[in-house]
Amino acid sequence: MPIAERDPPKGRRESYVLPKVPVPPLKQTLDMYLTSIKHLVKEEQYQKTKSIVEKFGEPGGTGELLQEKLLEKSINTHNWVYDYWLDDMYLNQRLALPVNSNPAMVFPKQDFRDHKDSLKFAAHLITGVLEYKKHIDTRALPVDFSRGQLAGTPLCMKQYYRLFNTYRLPGLKRDTLVIHETGSTEQEHIIVACKNQFFVMDLVVKEKPLREMDILSQLEKIVKMAENTEERQPPFGLLTSDGRTEWAQARDVLIKDSVNRESLAVIEKCLCVVCLDDPSGMEVGDTSRALLMLHGGGHEKMGANRWYDKPMQFVVGEDGVCGTVCEHSPFEGIVLVACTEYLMKFMTGSPSKIGRATSVSELPAPRRLLWKTTPHIQGLLKASAERLQRLVRDLDMDVHKFEVYGKEFIKKQKMSPDAYIQVSLQLAFYRCNGRLVSTYESASIRRFHEGRVDNIRSATPETLAFVKAMTDEKTSLSDSEKIKRLWDAINAQTNSTIAAITGMGIDNHLLGLREISQEIHMEMPEIFTDETYVASNQFILSTSQVPTTVEMFCCYGPVVPNGYGCCYNPQADHLLFSVTSFHGSTETSSAVFIKALDEGLVEMRDLCKTSNKPQSNKIRCRRSHSPSVLCGSLDRA
């Protein structure tokens, strides 16, 4: 049943309704699950899994009972999968947020002439944030609509209203996503981090919002205050970089003192965090800028000049290294892109109003947040610093611009750029490892009320056939057979995507069946303890398309110790990849993966060129879906 968007500000409601996320048919999901894993496991293991799945799905069996319960939940809730998904993907996870969970958006390198220049940039950026926040609070943002084959469907806007009014509170076993009321007066301040100190900047003084000149003046005061070594506080931001249970335990210690309790309360209710970074001393390139966004370079550089629990952190480095670090649980990448693109266009298209006269003398000075420390707390800070440094040393990142061709060439082949790139990632992984593995590609389900994402399992049987044609069977197959297999792989990827974005993906459905079994106190069904299911949820290759219309790029870390994180941004004449892995794994190397990716992309281009002859038209007619469905971001689909 369609329902109106919830939680609008008082006096305003959305003028459209969205359907609920559907519950896919049980047999369809189980059949798709078996298809997705058959070619990834040994035959003996597959037969065991097949038997378990068939038993689970038999008439009158456990699967049907759980499906019935899930259908009941769907009727009685706005979105049956939202809480299950949020807990499983984020709030139950115990790993540290930097690298493991928080993505970053890296802005173009800024050419600041001096320190004052960087503060002017920060003041203009904050002004843009306040403008965007005004659009959110008044519901003035235009509604997003789907693109591609299913174009024209309005998309859920709920995630936009979680950009600035949320906070991820650490818990011993499960974190909590705190949501403040939109437009709350409690949120009339930001936190500015400078030299590992945290300062409160009120945005409204005597019922009047600060102007850009006022903001610049306050930032200058903050920098001066931060340079006062006599009043310098310990680097408490380090605690937020730790594992979630460790941070929750440390927070329990901190809040025993009223000073710490008050400082935490102010941070947890802020609009956003603005991090004024000193020069890192690193050679500034795409990879080093991305590293500084993800983890700040550790406690020896800017890693303590952060508060990782806050969903929106804006970094402005004196050396021109700027971007955004996000706590991911309230919103997806496309919402981050929309916000940051607005800000970048605001920065370049809206003149700075620094020159205007203002009565800055009347502004109260920003407040330094104070902390009470003990030897025990000092020990916690030291332990957090050491764990962050280990994470920094372990991360293997390579940001790479593939300049041989871009998405325009792919479109000329009548292929979906996203599907094509996904196949190229599988080819690269196979080249490096001689096998395919469980792969995650996020697909938006914002067509539905409170829709977040489901998973496209990109390592399809058809893709395996193609990558073998380009490697093991390269000399024994004709180009026409190779291009046929490429089209089969593209079609399979497109069909999987359409299923996911229309609510027919398998991962959310299986998650819901698993979680509802625990709600009714059932012994965990064998399908979910089976080694195949467990392994299929260890996404060794975690991927996402995050396209932008302005010069910036997104990056994130791997989700398993022996895996890769691969974020890509297809542009007209080049493809930008941000690949991460861990040095601690002997199975991965970001540089080796990039080399294999480059080689595969060139070979795929050459294959397309050799097949661009009249006889290949018969192959093209085999497509069952329009290739344009993925020409934009999957989050926009």
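Trainee: What makes arginine 457 and aspartate 507 a salt bridge?

Mentor: This is a predicted model, and in it the closest N and O atoms of the two are 2.8 Å apart. The cut-off is 4 Å between a side-chain nitrogen of Lys or Arg and a carboxyl oxygen of Asp or Glu, so the pair counts.

Trainee: Where do the two partners of that pair lie?

Mentor: Arginine 457 is in the loop between strand 16 and helix 14 (461-469), and aspartate 507 is in helix 16. They're 50 residues apart, so the pair links distant parts of the chain.

Trainee: Why is arginine 457 called buried?

Mentor: Buried means under 20% relative accessible area. Arginine 457 has 12%, so buried it is. Aspartate 507 is at 12% relative accessibility, so that one counts as buried too.

Trainee: How do you know whether arginine 368 and glutamate 231 are buried or partly exposed?

Mentor: Check each value. Arginine 368 has a relative accessible area of 11%, so it's buried. Glutamate 231 has 43%, so it's partly exposed. The two form a salt bridge, with the closest N and O atoms 3.7 Å apart.

Trainee: What about aspartate 175, with a relative accessible area of 0%?

Mentor: That's under 20%, so aspartate 175 is buried. Its place is in the loop between strand 4 (166-169) and strand 5 (176-179).

Trainee: What makes its link to arginine 168 a polar contact?

Mentor: The distance limit is 3.5 Å for a pair of N or O atoms. The side chains of aspartate 175 and arginine 168 come in at 2.7 Å, and for aspartate 175 and arginine 244 the value is 2.6 Å. Salt bridges that share partners also join Asp175, Arg168 and Arg244 with Arg94, Asp309 and Glu327 into one network.

Trainee: Last one: which helix gives the most to the lining of the largest pocket?

Mentor: Helix 4, with seven residues. The pocket has a volume of about 1,400 Å³. Among the 50 residues that line it, the closest to its centre include Asp88 and Met89. The lining divides into 24 nonpolar, 15 polar and 11 charged residues.

Methods. Residues are numbered from 1 along each chain as its sequence is written. This is a predicted model: local features need pLDDT of at least 70, side-chain atom pairs count only at pLDDT 80 or more; totals for chains, interfaces and linings use all residues. Side-chain values use heavy atoms; hydrogens and water are left out. Helices (H or I, at least four residues) and strands (E, at least two) are DSSP runs, numbered from the N terminus. Buried means under 20% relative accessible area, exposed over 50%, partly exposed in between (1.4 Å probe, protein chains only). A polar contact is a pair of N or O atoms within 3.5 Å; within protein, one must be able to donate a hydrogen and the other to accept it, and residues adjacent in sequence count only if both atoms are side-chain atoms. On a 1 Å grid over the protein atoms alone, a cavity is a set of points where a 1.4 Å probe fits but cannot get out, and a pocket is an open set with protein on both sides within 12 Å along at least five of seven lines; lining residues have an atom within 4 Å of a point. Grid points are joined across faces, edges and corners, and a volume is the space filled by probe spheres set on the points. Ala, Val, Leu, Ile, Met, Phe, Trp, Tyr, Cys and Pro count as nonpolar, Asp, Glu, Lys and Arg as charged, and the others, Gly among them, as polar.
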